[in-house]
Amino acid sequence: MSEHAAYDQVFAEESGEFLAMVFDGLRGLERDPEDVTQIEAVFRGAHSLKGMSAAMGYVRSADLAGRMEDLMGHARDRRIRLTPEVLVAIGRAASALERLVEADIAGDTTAEVPSIDLDPGAFGARLSPAAGPDERRLVRVSVTLAEECSLKAVRAHVVIKRLSLMGEVTGSEPTATHLHEERFDRTFAVTLRTGASLEDLVAAATNVVEVEEASAEQLVVCEPESVLPTLSEMRKDALGEVGNIGAGHAATALSGLLGKRVALSQPELLVVPATEVPYAFGLENTLVAATFAHLSGSVGGGILAIATCEALLNLVDLTNGRPTDTTSALGPAEEELALKVGTALADAYVDAVSHLTGLPIDVSLSRFHLDRVSAILEQARADIAHDVPWAAFVRTTLSIEGQAMDVALVFIPDVVGLAALFDRLGV
Amino acid sequence: MFERVGPSDRVGRRRATIRVLVVDDSALVRQILLDVLSLDPRIEVVGVARNGVQAIEAARELDPDVITLDIEMPELTGLEALPHLRTVTDARVIVLSSIDDSDTMYQALALGAVDFVPKPKGRLTMSMGELCEQLQKTIRTAYRVSPGAIAIDGDTIARTMTAILERSASSGEEPPFESSPGAISKTAVAIAASTGGPPALERVFAGLSSSLPAAVLVVQHLPKGFSASLARRLSRAGSIPVVEAEEGMVLRNGCGYLAPHGAHMCVEIDGSGPHITFDHRLGPMHGVRPAADVLFESVVDVFGEMAVGVVLTGMGTDGAKSLRLMREAGGATVVQDEETSVVWGMPGAALREKATNRAVPIGNIPAEIRRAVRARELCDE
């Protein structure tokens with residue numbers, strides 16, 4: 001029993017902390033119901049209270065906290081909107097939980113639990129996308145880590161996670177694999193579409209331990225040539241899924257071409273207005289190798305396969321069975337390999353899309369480019385010459401014999417082709 | 001900062017101890033774990049951390065042998081911290097979490113955790129004895145895994161998943177299946193999937209083991225040439241071997257059969273038992289061939305109330321009407337819910353057809369299948 005008393009003490013202290021976290025979060029949400037940091041705080045507070053109460057055998061508290069967690073989980077995943085009604089219900093639940101926890105600590109099992117409806121279904125309305133494309137700008141946040149920073153990859157990860165709570169992260173420089181492997185000096189940049197202010201973004205980044213400095217700039221994106229047809233979430237999903245299947249097929253093709261086992265990370269899918277593509281990509285200052293091919297037939301437009309130069313050089317060494325870093329410059333032979341790989345990836349991708357939808361699509365011969373991403377993408381858009389409203393990125397990490405390489409396929413269907421795709425996909 | 005835990009009072013012990021880092025965001029849970037682990041003289045807790053970032057810092061600093069890692073934590077979650085942990089330490093990571101769906105488990109193992117212990121659901125302070133035994137055992141087992149041998153290939157993940165599921169099954173909630181794998185099937189699970197299907201199917205197979213006393217038949221709408229690689233991926237996801245179905249294959253328990261592109265896959269039965277056959281004459285149905293409706297109808301004919309039907313994410317309406325037939329014939333039916341579906345066409349259509357009243361998240365589909373199969377196994381006895 002004495003042991004239990006010791007736990008009572010820890011429970012009393014800790015439940016107080018988490019209740020305070022919940023109340024602070026709720027106060028923040030009264031001011032700004034869209035503040036994801038506060039939504040996260042209330043969610044986590046409730047989650048912890050649930051676990052602790054269950055561990056102590058306080059079932060009523062655990063149940064109430066669990067229902068709060070569930071409702072906040074729906075808000076976190078943007079399945080419900082935090083309307084005043086929802087906030088009032090959560091607030092009442094939090095007060096009830098506070099009293100219940102006090103009673104639990106005092107050993108009083110008779111305290112009444114008020115009935116509060118926390119069923120997410122009761123608050124129905126699915127959240128429509130919060131901000132339209134015009135309210136969300138493309139922003140690049142540059143971050144410098146402290147010189148003595150010892151866990152650069154971890155800090156970068158935390159920065160990107162915090163920023164992703166404030167918008168949709170579209171790219172980073174260097175790429176994700178390089179960040180994870182700490183193959184960067186002290187600075188990196190993150191591109192995201194967001195409605196948050198530049199000050200808030202800088203504050204979020206500088207709040208991370210060992211971040212020395214951060215700055216944010218709005219990227220200037222040219223106006224779309226025509227009014228963008230709206231793209232429902234379902235159509236975005238469908239376009240994304242087409243990309244997913246295409247990427248799998250492309251990896252298989254590459255595996256056949258190289259005669260090596262190629263593993264594929266879960267592809268990251270992104271559908272953005274085509275005018276934003278050069279900026280959203282993230283690799284502002286990195287030289288990349290790319291192949292571009294025109295599409296014709298039922299779907300016009302173009303397709304790009306992009307890899308960093310470093311990834312290409314690694315691929316060259318791997319293909320020739322030489323140790324990494326043997327090849328340091330790109331010559332005609334390297335260019336030819338890049339063309340072969342890019343063509344295989346693009347062909348396989350388009351082939352998958354074509355099979356899936358039953359639409360005949362032809363791919364032109366690929367051309368090789370070595371330039372900055374923005375220049376290559378601008379050129380691609382100019383080359384296509386048709387109206388291309390939306391582009392689908394598929395970004396993935398290929399792992400060839402243990403070597404990780406970031407590659408991206410950018411599928412840019414023209415407006416007619418896009419309509420045909422949606423028609424065939426039934427969305 | 002993370003906390004170091006000072007040398008214990010067992011000063012002067014000669015025997016090497018297993019040095020453990022405890023990571024959990026709850027002070028209460030940390031305290032309980034410290035108490036539980038202090039009961040085992042071979043285990044020494046060298047530090048505690050309260051979030052993913054601290055866990056990485058502590059692991060680098062303290063170089064523990066084993067880390068117990070919570071999932072839901074501030075800063076970096078357990079799953080987010082795992083890849084970093086693998087780069088800074090050789091420590092074997094055991095995930096200890098109340099989030100114990102098969103999906104989370106699969107991800108944790110794929111990221112390099114060696115084992116997964118679900119936190120007891122009830123009163124932790126009362127079930128300490130149980131937790132104690134389980135955790136000490138898991139830590140000692142994990143310690144014996146050589147750091148270099150932490151492989152995250154599909155086979156290892158599948159084996160570990162199976163072991164964990166069987167362990168949690170034997171500890172109460174779900175009894176393990178007793179049937180011998182490979183026996184001719186009396187029960188069949190038929191699954192339909194389209195858009196978004198391959199990753200969904202991987203999750204389903206990750207949660208099933210080859211001890212399942214049923215055959216699993218899959219129709220996934222795919223372009224030509226995809227089915228061989230999908231079968232390989234599904235085989236790697238769990239312990240059920242999945243093959244591209246061929247004419248005449250006899251349906252066996254604990255085996256998976258994926259319909260290849262270009263013909264409708266069906267089942268029929270004769271003296272040798274239920275087996276695969278193809279209808280090459282029938283044209284595409286719903287614009288696809290194979291179509292789930294063709295498979296499901298034949299499964300209803302052959303297996304009747306011993307059929308289990310599942311419709312996962314996908315566009316269109318394939319599988320909806322035949323799933324209703326299955327339900328009417330006494331089979332069990334379930335569909336993936338809207339929240340976790342990429343496209344809620346087929347599952348939604350099945351629900352509208354009143355083919356089922358169960359729409360559940362993808363993470364719960366394996367449990368639904370196990371439950372339905374178990375119910376049929378019991379009826380059959």
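Here is a short chat about the chain A and chain B interface and one glutamate in this predicted model.

Residues count from 1 along each chain as written, and chains are lettered from A in written order. Local features need pLDDT of at least 70 and side-chain atom pairs 80 or more, while totals for chains, interfaces and linings use all residues; side-chain values use heavy atoms, without hydrogens and water.

Colleague: How much area is buried between chain A and chain B?

Modeller: Take the accessible area (1.4 Å probe) that the two parts lose on being put together, summed over both. Carbon and sulfur atoms give 62% of it. The total is about 3,600 Å².

Colleague: Which residue of chain B forms a salt bridge with A:R162?

Modeller: The rule wants a side-chain nitrogen of Lys or Arg within 4 Å of a carboxyl oxygen of Asp or Glu, and it finds three such bridges across this interface. For A:R162, the closest N and O atoms are 2.6 Å apart. The partner is B:E75.

Colleague: Is A:E276 buried or exposed?

Modeller: A:E276 is in the loop between β6 (268-273) and α9 (277-280) of chain A; helices (H or I, at least four residues) and strands (E, at least two) are DSSP runs, numbered from the N terminus. Buried means under 20% relative accessible area, exposed over 50%, partly exposed in between (1.4 Å probe, protein chains only). Because its relative accessibility is 8%, A:E276 counts as buried.
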